[in-house]
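This report describes a predicted model of a protein chain with a ligand. Please consult the sequence and structure shown below while reading.

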Amino acid sequence: MATTSASTGESTDTTAETTSTTSLAKKIVVVGGGNSAGYFARAVVAAGRGADLCIVAGENVLPYERPALSKAFLHKESPARLPGFHTSVGGGGERQTQEWYDANGVEVMLSTRVTAADLANKTLTTDTGAHITYDKLVVATGCSALKLPAAMGGALPGVHYVRDNADALALYDAMGSAKKAVVIGGGYIGLECAASLATWGLNPNVVLMEPHTMVGSGRETRMRHRAYTAWARYEAPAAPLTQLNHLPPAC
Ligand SMILES: Cc1cc2nc3c(=O)[nH]c(=O)nc-3n(C[C@H](O)[C@H](O)[C@H](O)COP(=O)(O)OP(=O)(O)OC[C@H]3O[C@@H](n4cnc5c(N)ncnc54)[C@H](O)[C@@H]3O)c2cc1C
């Protein structure tokens, strides 16, 4: 099991000696320690049942406001860092630091992934060898970023993804020494990253499959004027890719 330093948000792994025999029983168990888990914990605590709750979190930090990762987290000056954006600051609640979880009796197992769920016996198994039984199970495992295939260079050094705190830290570090940036994806997250990259003077290009940015959102029309179509050297799609040059920081 891992514990977290409230001041840094970093975890200390103590699993090696302890978890092979760990077994835990909780009335409510949440798999996944993301945004939903944090707000769910807030509601459970508000109902006076914090001690019934256990969160099994794959990441090494407590539940946080994930949207910050593509926004203030990437600011060159005074970037947002944990514990500054733990849930539920975005929803006007108390900041859910380790002290908050401890004070409310909520158990959070960091750096721990559920690898099997025996629904008939209401038992979870984790990658640390722990067995957790529950009465009620909440699956809040979110999603993961689509990866550019390795055959197309997706695993090369200098390629970053922005899904979790560790990803965003790695991107931020890389921004300090980068000379030029290309963003693949023209939705919210791609454009927010591009805006930050622009403020770092990295003159980002945004490459996307659709004919304009923000496809699928209500902001399509507003953003469309910023796009112009170009052909890019990129294997797959039959449709032209769109490249936005010199995305303005205001975007
Ligand atoms: C960079 C970025 C910016 C965003 N900006 C916005 C925004 O501005 N506005 C907005 O509304 N939404 C935004 N979103 C989307 C929003 O963050 C998600 O909708 C939200 O985080 C979903 O919450 P969740 O709890 O379902 O999943 P997540 O927050 O993704 O959490 C899932 C967690 O489950 C963990 N997990 C997965 N499998 C296991 C397992 N087997 N065992 C243990 N743990 C596991 C993962 O490690 C992860 O920590 C953004 C997302 C990203 C990535």
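Pro83 is located in the loop that runs between strand E4 (53-56) and helix H3 (98-103). The peptide bond joining Leu82 and Pro83 is cis, and its omega is about 15°. Ser88 also lies in the loop between E4 and H3. A cis peptide bond leads from Thr87 to Ser88, with omega near 10°.

Two residues other than glycine have a positive phi: Ser111, with a value near 50°, and Lys122, with a value of about 50°. Ser111 belongs to the loop between strand E5 (107-109) and strand E6 (114-118), while Lys122 sits in the loop between E6 and strand E7 (123-126). Is each of them buried or exposed, wholly or in part? Ser111 has 20 C-beta neighbours inside 10 Å and therefore counts as buried. Lys122 has 15 such neighbours inside 10 Å, so this residue counts as partly exposed.

## Overall architecture

The protein chain contains six helices and 11 strands. Of its 251 residues, 33% count as buried. Among the contacts with a separation of 6 or more, 61% are made by residues 24 or more positions apart.

## The nonpolar core

The largest nonpolar core has 43 residues, of which Val29, Ile55, Val56 and Val108 touch the most other members. Domain 1 (2-139) and domain 2 (150-244) each supply at least three residues to this core.

Val56 illustrates these contacts. Leaving aside residues up to four places away in sequence, Val56 touches Val29, Val30, Val31, Met109, Thr112, Val114, Thr126 and Ile132.

## The two sides of helix H4

Helix H4 (residues 165-175) has Asn165, Ala168 and Leu171 as buried residues. Viewed down the axis of H4, the buried residues fall within an arc of 125°, which means that they line one face of the helix. The exposed residues Ala166 and Asp173 are carried on the face of H4 turned away from the buried side.

## The surroundings of the ligand

There are 23 residues around the ligand, and those that come nearest are Gly32, Gly34, Ser36, Gly58 and Gly142. Helix H2 (residues 35-46) provides the largest share of this shell, namely three residues. Classified by type, the shell comprises 10 nonpolar, nine polar and four charged residues.

Where does the ligand lie in relation to the two domains? Both domain 1 (2-139) and domain 2 (150-244) give residues to the shell, so the ligand lies between them.

Technical notes:
Residues numbered from 1 in each chain as written. Predicted model: local features only at pLDDT ≥ 70, side-chain atom pairs only at ≥ 80, totals over all residues. Near = placed C-beta within 6 Å. Helix = DSSP H or I, 4+ residues; strand = E, 2+ residues; numbered from the N terminus. Nonpolar A, V, L, I, M, F, W, Y, C, P; charged D, E, K, R; others polar. Domains from an automatic or database assignment. Buried ≥ 20, exposed ≤ 12 C-beta atoms within 10 Å, placed from the backbone. Arc of directions from axis to C-beta. Core = buried A, V, L, I, M, F, W, Y, C linked by C-beta atoms within 7 Å. Contact = placed C-beta atoms within 7 Å.
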